[in-house]
Structures are given as structure tokens and as C-alpha cells.
Amino acid sequence: VALGFAALVEIVAATASRSASILADGLHNSGDVLTTFILLFTFALVRRPATRRYSSGYGRFEDVATLLIIVVIIITAAVAAGESVQKLLQPPVYSHVGYGLVAALVGVVANLGVSEYKIRVGRGIGSESLEADGTHSRIDALVSAGAFAGMGLAGLGLKIADPLLGLGISVAIVYILGGTVKQLYY
């Protein structure tokens with residue numbers, strides 16, 4: 001709920017302010033909401049007892065969920081990068097800078113809160129996937145801080161900073177993905 005609220009606030013703020021970095025962060029937070037639903041569905045599924053068809057149980061479905069999460073992260077990074085490149089080539093006129101800055105701060109707070117919750121619950125139930133997703137959310141707080149910097153610098157007249165930080169956020173998303181995959185499989 002917290003990430004969904006942050007994503008909505010950021011996407012609306014990005015539309016109003018024309019910020020690539022805020023949009024990138026909002027899209028990424030939207031992706032995180034989707035990955036959370038994937039995990040919730042998977043947790044409900046893996047708790048089911050073994051059946052004749054699945055004699056070993058449903059535990060392997062967590063691996064499928066992990067692959068879906070990776071796909072979602074790649075798609076959000078690609079969309080964010082595309083929007084950033086477009087705004088880099090044709091810099092917009094920024095407006096509602098204050099709203100964009102507040103939206104980025106909402107992203108920081110939401111990601112920090114969600115990360116602590118996911119890590120604690122993941123450790124409690126013994127889920128490496130949820131713990132890894134919590135670590136991902138913790139790093140996302142830094143990404144939201146980058147969106148804040150991009151919007152702030154654009155508001156001060158350095159228009160190129162916003163799309164460059166939007167691209168930086170896209171790179172950070174891919175970097176986070178690499179760390180998450182490494183943590184899960186090695």
C-alpha cells in the first residue's frame with residue numbers, strides 16, 4: 001500500500017512537472033508493487049500441501065516468481081530509460097517543482113518503511129525472495145533520493161540533470177537487479 005501510494009504520487013507529480021527522474025522512480029515503485037503481488041500469490045501457493053500431481057509440493061513456484069520479478073524489473077528499467085532519453089533529447093519546460101520534490105521524498109520514506117518490513121517478515125518466515133526484495137526496496141530509497149536531486153537541479157535551471165538522473169536511476173535499477181539475482185542464486 002505504501003509503495004502503491006508513493007508510485008501514484010510520483011507518477012502524478014512526474015506528469016505535472018515533466019520530470020524524467022520522478023517518472024523513472026514512480027515506474028520503478030509501480031513495478032515493486034507488482035512484484036509484491038507476485039510474491040503474495042506465490043506464498044499462498046507454496047503453502048498448499050503436496051498433491052498427486054505435485055508430489056513434492058509447490059515450493060518450486062517461488063523460483064518462477066523470482067523469474068517474473070526479474071522480468072518486471074527489466075521492463076520498468078527499459079521504460080524509465082526510454083523516457084529519460086526522450087527528455088534528454090528534447091528537454092521539457094519544468095513546472096510544479098515543489099510537488100515533484102515532495103513526491104520524491106514520499107518515495108524515499110515509503111521505500112525505507114517497506115524495506116524494513118519485507119526484510120523482517122522475510123527473515124521471520126525464512127523466505128530468501130522476500131528478504132532480497134526488501135534489500136531491493138532499501139536501495140530504492142537511494143534511487144528516490146536521486147529523483148529528488150534530479151528534480152531539484154532541473155528546478156534550479158540545470159535541465160539536463162533530470163533526464164541524466166533518470167538514466168542513472170535506470171542503471172541503478174539494473175544494478176539492483178544484478179545484486180538481487182546474485183543473492184538469490186549464489
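This text goes through the fold of the protein chain and then through a few of its residues.

The model is predicted: local features need pLDDT of at least 70 and side-chain atom pairs count only at pLDDT 80 or more, while totals for chains, interfaces and linings use all residues. Residues are numbered from 1 along each chain as its sequence is written, and side-chain values use heavy atoms, with hydrogens and water left out.

The protein chain has six helices and zero strands. Helices (H or I, at least four residues) and strands (E, at least two) are DSSP runs, numbered from the N terminus. In sequence order the pattern is α-α-α-α-α-α. The radius of gyration is 18 Å, close to the 16 Å that the globule rule gives for 186 residues, so the protein chain is as compact as a globular protein of that length. That radius is taken over C-alpha atoms, and the globule rule is 2.2 Å times the number of residues to the power 0.38. Along its principal axes, the C-alpha trace spans about 65 × 25 × 25 Å.

Of the 186 residues, 45% count as buried. Buried means under 20% relative accessible area, exposed over 50%, and partly exposed in between (1.4 Å probe, protein chains only). The accessible surface of the protein chain comes to about 9,600 Å², and carbon and sulfur atoms account for 70% of it. These areas come from the Shrake-Rupley method with a 1.4 Å probe; for residues, only the protein chains shown count as cover. Contact means heavy atoms within 4.5 Å. Among contacts between residues at least 6 apart in sequence, 74% join residues at least 24 apart.

The protein chain carries 13 positive and 12 negative charges, and their mean positions are 6 Å apart. Lys and Arg count as positive and Asp and Glu as negative, with His and the chain ends not counted. Each charge is placed at NZ of Lys, CZ of Arg, CG of Asp or CD of Glu.

Helix 2 (residues 20–46) contains S21. With a relative accessibility of 0%, S21 counts as buried. Its side chain makes a polar contact with the side chain of S19 at 3.2 Å. A polar contact is a pair of N or O atoms within 3.5 Å; within protein, one must be able to donate a hydrogen and the other to accept it, and residues adjacent in sequence count only if both atoms are side-chain atoms. The side chain of S21 also reaches the backbone oxygen of A147, at 3.3 Å. Leaving aside neighbours within four places in sequence, S21 is in contact with A147, G150, M151, D162, L165, G166 and I169.

N29 is also found in helix 2, and at 0% relative accessibility N29 counts as buried. Not counting residues up to four places away in sequence, N29 touches L3, A6, A7, E10, G107, N111 and S144.

Further along, L45 is a residue of helix 2 and is buried, with a relative accessible area of 14%. Outside the four places on either side in sequence, L45 is in contact with Y58 and F61. L45 and S56 are 11 residues apart in sequence, and their C-alpha atoms are 13 Å apart in space.

E62 belongs to helix 3. Its C-alpha atom is separated by 6.1 Å from that of T42, 20 residues away along the chain. Apart from neighbours within four places in sequence, E62 is in contact with T42, F43, V46, S127 and S129.

S127, one of those partners, sits in the loop between helix 4 and helix 5 (128–155). S127 is buried, with a relative accessible area of 5%. With neighbours within four places in sequence set aside, S127 is in contact with F43, E62 and G122. From S127 to F43 is 84 residues in sequence and 9.2 Å in space, C-alpha to C-alpha.

Most residues other than glycine have a negative phi. R18, in the loop between helix 1 (2–17) and helix 2, has a positive phi near 70°. R18 is partly exposed, with a relative accessible area of 43%. H96 lies in the loop between helix 3 (61–89) and helix 4 (97–125). Although H96 is not a glycine, its phi is positive, at about 50°. H96 is exposed, with a relative accessible area of 52%.
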